[in-house]
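The following explanation leads the reader through one protein chain, from its overall fold to single residues. Please keep the sequence and the structure in view while reading.

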Amino acid sequence: MGRRWSDGRGKLIVPGAAGTVTVPLELATSYRARTKGLLGRDTIDGAMLLSPASSVHTFRMRFPIDVAYLDRDLKVVAVHTMKPGRLGLPRLRSRHVLEAGAGVMAGWGVEAGVRVEVSVETG
């Protein structure tokens, strides 16, 4: 189930028992966009999806982040909070990485085993 996204914007859709949560999403799919990621920012509104990616680092970042590792079907493999200046180990089966401000993913219902959806804005 290969996915070919382009850099841009969209929505992260997280289904859950209490209802569906929709979050603004930035897609970073080019080498340049993935390399820059959240560097140089003080915050993020929503989340950023790095694809393809199996690990991240937080060197030169200004704030802690939640990191969710997703498999090829967008099922969450693991979720971790990372402080600035850390190196995340590559995750087996991970094909995409979702980043957001520390502590917000739990409120969205993003946890291991949940399958998220990505809706891409066109135009």
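**From fold to detail**

Read from the N terminus, the elements of the protein chain follow the order β-β-α-β-β-β-β-α-β. This amounts to 2 helices and 7 strands. The model is a predicted one.

The overall dimensions come next. Along its principal axes, the C-alpha trace of the protein chain spans about 35 × 30 × 30 Å. A compact globule with 123 residues would have a radius of gyration near 14 Å, and the value of 13 Å for the protein chain agrees with this. Of the 123 residues, 41% count as buried. The protein chain exposes about 7,000 Å², of which carbon and sulfur atoms supply 51%. Among contacts with a separation of 6 or more, 57% are accounted for by residues 24 or more positions apart.

Aromatic rings can be examined in turn. A search of the whole structure finds 0 aromatic pairs. The ring of Tyr-69, however, has the charged end of Arg-91 over it, 5.1 Å from its centre.

Most peptide bonds are trans. Is Pro-52 buried or exposed? Pro-52 counts as exposed because its relative accessibility is 55%, the threshold for exposure being over 50%. Leaving aside neighbours within four places in sequence, Pro-52 is in contact with Thr-29, Arg-34 and Arg-95. The C-alpha atoms of Pro-52 and Ser-94 are separated by 8.8 Å, although these residues are 42 residues apart along the chain.

Thr-58 is also found in the loop between β3 and β4. With a relative accessible area of 0%, Thr-58 is buried. Apart from neighbours within four places in sequence, the residues in contact with Thr-58 are Ile-65, Met-82, Lys-83, Pro-84, Gly-85 and Arg-86.

Backbone angles draw attention to two further residues. Most residues other than glycine have a negative phi. Leu-74 is not a glycine, yet has a positive phi of about 65 degrees. Leu-74 lies in the loop between β4 and β5 (76–82), and counts as buried because its relative accessibility is 3%. Arg-93, likewise not a glycine, has a positive phi of about 75 degrees. Arg-93 is placed in the loop between β5 and β6, and its relative accessibility of 52% is why this residue counts as exposed.

Terms used. Residues are numbered from 1 along each chain as its sequence is written. This is a predicted model: local features need pLDDT of at least 70, side-chain atom pairs count only at pLDDT 80 or more; totals for chains, interfaces and linings use all residues. Side-chain values use heavy atoms; hydrogens and water are left out. Rings of Phe, Tyr and Trp (its six-membered ring) pair if their centres lie within 6.5 Å; planes under 30 degrees apart count as stacked, over 60 as edge-to-face and the rest as tilted. A charge sits over a ring if NZ of Lys or CZ of Arg is within 6 Å of the ring centre and within 35 degrees of the ring normal. Buried means under 20% relative accessible area, exposed over 50%, partly exposed in between (1.4 Å probe, protein chains only). Contact means heavy atoms within 4.5 Å. Helices (H or I, at least four residues) and strands (E, at least two) are DSSP runs, numbered from the N terminus. The radius of gyration is taken over C-alpha atoms; the globule rule is 2.2 Å times the number of residues to the power 0.38. Accessible areas come from the Shrake-Rupley method with a 1.4 Å probe; for residues, only the protein chains shown count as cover.
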